[in-house]
Amino acid sequence: MPAPIELWYWPTPNGWKVSIALEEMGLPYELKPVNIGAGEQFRPEFLAISPNNRMPAIVDPDGPGGEPLSIFESGAILQYLGNKSRQFYPTDVRARAEVDQWLFWQVGGLGPMAGQTHHFRQYAPALIKDQRQIAYGVRRYTDETHRLYGVLDRRLADREFVAGDYSIADMAIWPWILPGPQGQSIDEFPNLKAWLDRVGGREAVQRGRALGDDLRGDLGASGKDAEAARKMLFGQRGR
């Protein structure tokens, strides 16, 4: 049996993308929690594999040529795992292009925009006393997330999955559709709603989504622990 892949992880949408993929592909893995609220992403052993100090990251002890390989950035990880397992990532050039464009749509669009929506709707109110200062950010990113929901809803009007067959593109997008925290009504998007339920009904998706649920705290909560975590996560600079 090959040595398990090390999954450096915390239960967030980006982390769920990779845990779902590992479960779907049946690849053995070992959980390496990275408590981002406690600053563990800045430890030297994690920076050695993820120089952007962001999780998730993986280390595959059985990489190309039998040598270990570390990878950071969730999109790159999904492509690697798809290639390694030969599952959920087509080899046909046209089919792969379909998957890649929707994978990068999530990485470059839905993830960052929805992430800012989370920040301004959930976390900024605990950081800024004058709520008028965050009103534009709330409106801007909530509206953009609504637009992206619409893009996905139209895409799913005549297909079950975003790129044809179920793929790493679905695994990347699904964890980021969180209508409540993002200020959206999923009933406005019936095709998206059906897809959300369809993907969420898969047992491997449920297992990947549940990984580490007991570790997660509420960054929007009151109290010293949540305040310290927010200080750790937000406002980082280059020096």
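Is Tyr-149 buried or exposed? I looked it up: Tyr-149 is buried, at a relative accessible area of 1%. Here buried means under 20% relative accessible area, exposed over 50% and partly exposed in between, with a 1.4 Å probe and protein chains only.

**Basis.** I am working on a predicted model, in which local features need pLDDT of at least 70, side-chain atom pairs count only at pLDDT 80 or more, and totals for chains, interfaces and linings use all residues. Residues are numbered from 1 along each chain as its sequence is written, and side-chain values use heavy atoms, with hydrogens and water left out.

**Aromatic pairs.** I counted rings of Phe, Tyr and Trp (its six-membered ring) as paired if their centres lie within 6.5 Å; planes under 30 degrees apart are stacked, over 60 edge-to-face, and the rest tilted. The count comes to 6 aromatic pairs. Tyr-149 and Phe-189 have ring centres 5.5 Å apart and planes at 70°, so I noted this pair as edge-to-face. Tyr-149 belongs to helix α5 (residues 135–155) and Phe-189 to the loop between α6 (168–173) and α7 (190–200), so the pair ties together parts 40 residues apart in sequence. I took helices (H or I, at least four residues) and strands (E, at least two) as DSSP runs, numbered from the N terminus. Phe-189 also counts as buried, at 5% relative accessibility. I then found Phe-88, Phe-161 and Tyr-166 linked into a cluster by ring pairs.

**Charges over rings.** My criterion was NZ of Lys or CZ of Arg within 6 Å of the ring centre and within 35 degrees of the ring normal. Arg-202 lies over the face of Tyr-166, at 3.8 Å from the ring centre. Arg-96 lies over the face of Tyr-89, also with 3.8 Å to the ring centre.

**Sheet.** Which order do the strands take? I read an open sheet of 4 strands, β2-β1-β3-β4, with mixed pairing. Strands β2 and β4 (69–72) are at the edges with a single partner strand each, so one side of each has no neighbour in the sheet. Neighbouring strands are turned by 20° against each other on average, direction ignored. Two strands pair if DSSP finds at least two bridges between them. Strand β1 (residues 5–9) pairs with β2 (residues 29–33) in the parallel sense over 5 bridges, and Leu-7 stands opposite Leu-31 in β2. On β3 (residues 57–60), 3 bridges join β1 in the antiparallel sense; there Trp-8 has Ala-57 as its bridge partner. In β1, 4 of the 5 residues are buried.

**Helices on the sheet.** I used contact as heavy atoms within 4.5 Å; axes are lines fitted to C-alpha atoms, for helices over the stretch in contact, with angles from 0 to 180 degrees between N-to-C directions. Helix α1 lies across β1, β2 and β3, at about 155° to β1. Helix α3 packs on the sheet, touching β1, β3 and β4, and its direction makes about 135° with that of β4.

**Backbone.** I found a cis peptide bond between Met-55 and Pro-56, with omega about 10°. Pro-56 lies in the loop between α2 (44–47) and β3. Asn-53 lies in the loop between α2 and β3; this residue has a positive phi of about 40° although it is not a glycine, and is buried at 18% relative accessible area. Arg-86, in the loop between α3 (74–85) and α4 (93–127), has a positive phi of about 60° without being a glycine. Arg-86 counts as exposed, at 77% relative accessibility.
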